[in-house]
Amino acid sequence: MIQKINSSMFIGHGPIKVLYPGSAVSNTDTGIGSIGRIDHPEINSNTVIKMHPHINDEILSYFRTGEAEHSDSEGFVKIIGRKTLMLMKAGRSFFHEEKIMGQQETMEGLQIFIRPQKKDLDPEVVFLELDSLHSENSWRLIGSPNPETKFQFSSQTWIYDMKLLSGSTSEIPEFPKKNLTALLYVFQGSVQVNDIIALNKKECIVFKDEPVFIKASEDAELVLFFTDEQAEIYKDGMYSGNQI
């Protein structure tokens with residue numbers, strides 16, 4: 001069965017809206033498998049998010065407009081945003097700061113909090129330089145649990161993205177393994193799913209073993225997650241952990 005999560009499930013009154021996807025489909029877990037939390041920030045320039053900690057989260061910074069200067073407790077200082085993505089594997093302890101300075105463009109994207117496989121892993125920061133800002137009408141694998149991707153999650157998690165152009169259609173790529181749960185998120189634009197479900201910006205669907213056919217009502221930027229809800233994960237991360 002396909003379950004829709006409306007944008008009304010986001011919480012927060014500031015520039016960062018927070019979605020606990022499990023809250024829409026379960027009474028026992030605010031995450032769905034390894035997908036602990038999805039933040040959708042829209043932050044104006046001349047903003048500093050001061051140095052703060054993360055513990056036992058794996059955080060994908062997927063910013064599509066604007067740029068920020070990132071600095072962290074591992075000694076990295078780097079401009080991230082648009083074609084430069086970042087995965088912070090916080091493990092037992094990690095601190096970072098983001099400065100959005102001197103630009104006219106609002107910084108918008110996702111910060112995706114993935115649950116690690118185990119508690120207190122070694123911290124690690126990885127950067128990914130995309131060949132192009134968008135993958136038009138074709139799914140692009142951003143991260144996986146396998147060494148084939150530079151972004152390698154410790155848990156059984158896969159993340160894809162695609163820009164589906166207006167009027168174009170697509171199916172969900174083949175599931176990487178059996179018995180996975182999928183979440184399809186609309187970052188920008190709008191789509192129709194199986195000709196009956198309308199999805200707009202900040203809306204998503206959760207589904208398992210069933211066909212999903214997508215048609216773009218307008219140019220749409222999509223992010224697709226696969227997670228193995230039966231695999232080992234640590235559910236008490238600082239931000240990705242179960243909030244119930």
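Q: In which loop does D120 lie?
A: This is a predicted model, in which local features need pLDDT of at least 70, side-chain atom pairs count only at pLDDT 80 or more, and totals for chains, interfaces and linings use all residues. Residues are numbered from 1 along each chain as its sequence is written, and side-chain values use heavy atoms, with hydrogens and water left out. Strands (E, at least two residues) and helices (H or I, at least four) are DSSP runs numbered from the N terminus. By that numbering, D120 lies in the loop between β10 and β11 (124-129).

Q: What is the phi of D120, which is not a glycine?
A: Most residues other than glycine have a negative phi. D120 is not a glycine, yet its phi is positive, at about 60°.

Q: What is the relative accessible area of D120?
A: Buried means under 20% relative accessible area, exposed over 50%, and partly exposed in between (1.4 Å probe, protein chains only). D120 counts as partly exposed because its relative accessible area is 38%.

Q: Where is N137, which has a positive phi although it is not a glycine?
A: N137 has a positive phi of about 60°. It is partly exposed, with a relative accessible area of 36%. N137 is found in the loop between β11 and β12 (140-144).

Q: What is the relative accessible area of L164?
A: L164 has its place in strand β14 (residues 157-164). Its contacts (heavy atoms within 4.5 Å), leaving out residues up to four places away in sequence, include N137, I214, A220 and L222. L164 is buried, with a relative accessible area of 0%.

Q: How many Å apart in space are L164 and R140, C-alpha to C-alpha?
A: In sequence, L164 and R140 are 24 residues apart. In space, their C-alpha atoms are separated by 12 Å.

Q: How many strands does the secondary structure of the protein chain hold?
A: The protein chain has 0 helices. Its strands come to 21.

Q: What is the radius of gyration of the protein chain?
A: The globule rule is 2.2 Å times the number of residues to the power 0.38, and the radius is taken over C-alpha atoms. For 244 residues the rule gives 18 Å, and the computed value is close to that, so the chain is as compact as a globular protein of that length. The radius of gyration is 17 Å.

Q: What percentage of the 244 residues of the protein chain count as buried?
A: The C-alpha atoms fill a box of roughly 50 × 40 × 35 Å along the principal axes. Among contacts with a separation of 6 or more, residues 24 or more positions apart account for 72%. The buried share of the 244 residues is 54%.

Q: How many salt bridges does the count come to by this rule?
A: A salt bridge is a side-chain nitrogen of Lys or Arg within 4 Å of a carboxyl oxygen of Asp or Glu. By this rule the count is 16.

Q: Which side chain meets E203 in a salt bridge?
A: The N to O distance of the pair is 3.6 Å, and the partner of E203 is K4. The two are 199 residues apart, with E203 in the loop between β18 (197-200) and β19 (204-207), and K4 in strand β1 (residues 3-5). E203 counts as buried, at 9% relative accessibility.

Q: Which side chain meets E105 in a salt bridge?
A: The pair is E105 and R82, at 3.9 Å, N to O. They are 23 residues apart: E105 is in the loop between β9 (94-100) and β10 (107-114), R82 in the loop between β7 (77-80) and β8 (84-89). E105 is partly exposed, at 37% relative accessible area.

Q: Which residues do salt bridges that share partners join into one network with E108?
A: E108 forms a salt bridge with K201, the closest N and O atoms being 2.8 Å apart. E108 lies in strand β10 and K201 in the loop between β18 and β19, so the bridge ties together parts 93 residues apart in sequence. E108 counts as buried at 9% relative accessibility, while K201 is partly exposed at 28%. Joined with E108 in the network are E42, K201 and K202.

Q: Which residues is S7 in contact with, leaving aside its neighbours within four places in sequence?
A: S7 is in the loop between β1 and β2 (16-19). At 34% relative accessibility, S7 counts as partly exposed. Its contacts are K201, K202 and E203.
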